[in-house]
Amino acid sequence: MKIIVQKFGGTSVSTEERRDQVVAKVKDAIEKGYSPVVVVSAIGRKGAPYATDTLLSLLDNNFKRGNLQATDMLMCCGEIISSVVMSNALFSAGIQAVPLTGGQAGIITDDTYANAQFIDTKSDLILSILEQGKVPVVTGFQGINEKGYFTTLGRGGSDTSACILGMSLKAESVEIYTDVDGIMTADPRIVNNASLIDVISYNEVFQLADQGAKVIHPKAVDLARKGNIPIVIKNTMTDCKGTLINSFGSDHIESAISGITHLNDRIQVTVKLKENKGKTNYRYLLDILAKNNISLDLINIFPTEQIFTVDSYQKETLEKILKESEIKYSIIDNCSTIAIVGLGMTGVPGIMAKIINNLVENDIEVLQTADSHMTIWCLIPSEKVSEAINLLHKAFKLGE
């Protein structure tokens, strides 16, 4: 039995016309000899009657914070509705389908409501449905804990569900259907000539997804990488071949760079030794911030200063901690991080120089940099993001 997992996002199942396109994708898989397992998100996005955010608006904020188990139960409702409605669409097309919750599909998680981690899978039921020639239609984004309560898998949870099932069922591949043709060299809303990436590695996609690209969640990529399950990102509304994600990426690396993405709403924090002489808290600053759940990025530690970035929503909490610790600091607001990603840059000299020169020569101030063997990060003023991405996209000939 050749199993394939097909995940369809909220926009893909939002209307009868789009559900018919989903049916066509499932039919095509069956005709090609696959046994498909369908994973669905809640119908539509915020404002749609069964979208998760719409359901959450029914609850009082204090209740949501104090009753995470109950909140998770409500959050699971959108996907349950979607799985039954999608099963109905398949039935109408002559395909026997069985709607399943994440727990019924065998996804067992820990007790961390709202951001559960899967700990085990039990595939007996879903395999028996496949052996009967029927199509399981599984609710994405959710599982069940060992106490029997519904749990949700956090942001991007439907992608995560698909990859969990792909691993447990030893699927041939996981197809992630969305409203774009695949992974692009840059955000097409920013770069007009952004091009489709045919093949890319797990590691590259993880970096792109972690740094702002929203086509697939990094947690899902990490799961697929561990299980060595190929992922294909496709468009529900077209026949575009999409982007294949695998262990090694393309056999023919034509550019050092695969893609460029960015994160907005960053602030840069600088703490200087000379302004904090004799203060023990200066030495243990990173520990203090970690204990207060402040997530740092682009961390540069020098003998004379410490520089790092945080998300702007944490600014108020950060400043309170620094003042209570009697640490003097300076902040630059309205920053963005650009991430330039590519396996081909490994061991190639001059990539950082080319990036910096292109930015500086066009009056784009580079506030901070960091790099790994496949990613270079540059912190720049947010107002320059669009210009910077277009400059670098052109400089590395990514649209050609």
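Over the ring of which residue does the charged end of Lys-2 sit? The charged end of Lys-2 sits over the ring of Tyr-34, 4.5 Å from the ring centre; this label requires NZ of Lys or CZ of Arg within 6 Å of the ring centre and within 35 degrees of the ring normal. The model is predicted, so local features need pLDDT of at least 70 and side-chain atom pairs count only at pLDDT 80 or more, while totals for chains, interfaces and linings use all residues. Residues are numbered from 1 along each chain as its sequence is written, and side-chain values use heavy atoms, with hydrogens and water left out.

**Aromatic rings**

- One aromatic pair is present in the structure: Phe-8 and Tyr-177 are stacked, at 4.7 Å centre to centre with 15° between the planes.
- Rings of Phe, Tyr and Trp (its six-membered ring) pair if their centres lie within 6.5 Å, and planes under 30 degrees apart count as stacked, over 60 as edge-to-face and the rest as tilted.
- The partners of this pair are 169 residues apart, with Phe-8 in strand β1 (residues 2-8) and Tyr-177 in strand β9 (residues 173-178).
- Helices (H or I, at least four residues) and strands (E, at least two) are DSSP runs, numbered from the N terminus.
- Phe-8 is buried at 0% relative accessibility, and Tyr-177 is buried at 4%.
- Buried means under 20% relative accessible area, exposed over 50%, and partly exposed in between (1.4 Å probe, protein chains only).

**Salt bridges**

- The whole structure contains 14 salt bridges, each a side-chain nitrogen of Lys or Arg within 4 Å of a carboxyl oxygen of Asp or Glu.
- Lys-234 and Glu-175 form one of them, at 3.5 Å from N to O; because Lys-234 lies in strand β11 (residues 231-235) and Glu-175 in strand β9, the pair ties together parts 59 residues apart in sequence.
- Both Lys-234 and Glu-175 are buried.
- Lys-32 and Asp-28 also meet in a salt bridge, at 3.1 Å from N to O; Lys-32 is exposed at 54% relative accessibility, whereas Asp-28 is partly exposed at 34%.

**Arg-225 and its surroundings**

- Asp-222 forms a salt bridge with Arg-225, with the closest N and O atoms 2.4 Å apart.
- Asp-222 and Arg-225 are three residues apart in helix α9 (residues 218-227), and are therefore separated by about one helical turn.
- Salt bridges that share partners join Asp-222, Arg-225 and Lys-226 into one network.
- The charged end of Arg-225 also sits over the ring of Phe-206, 5.2 Å from its centre.
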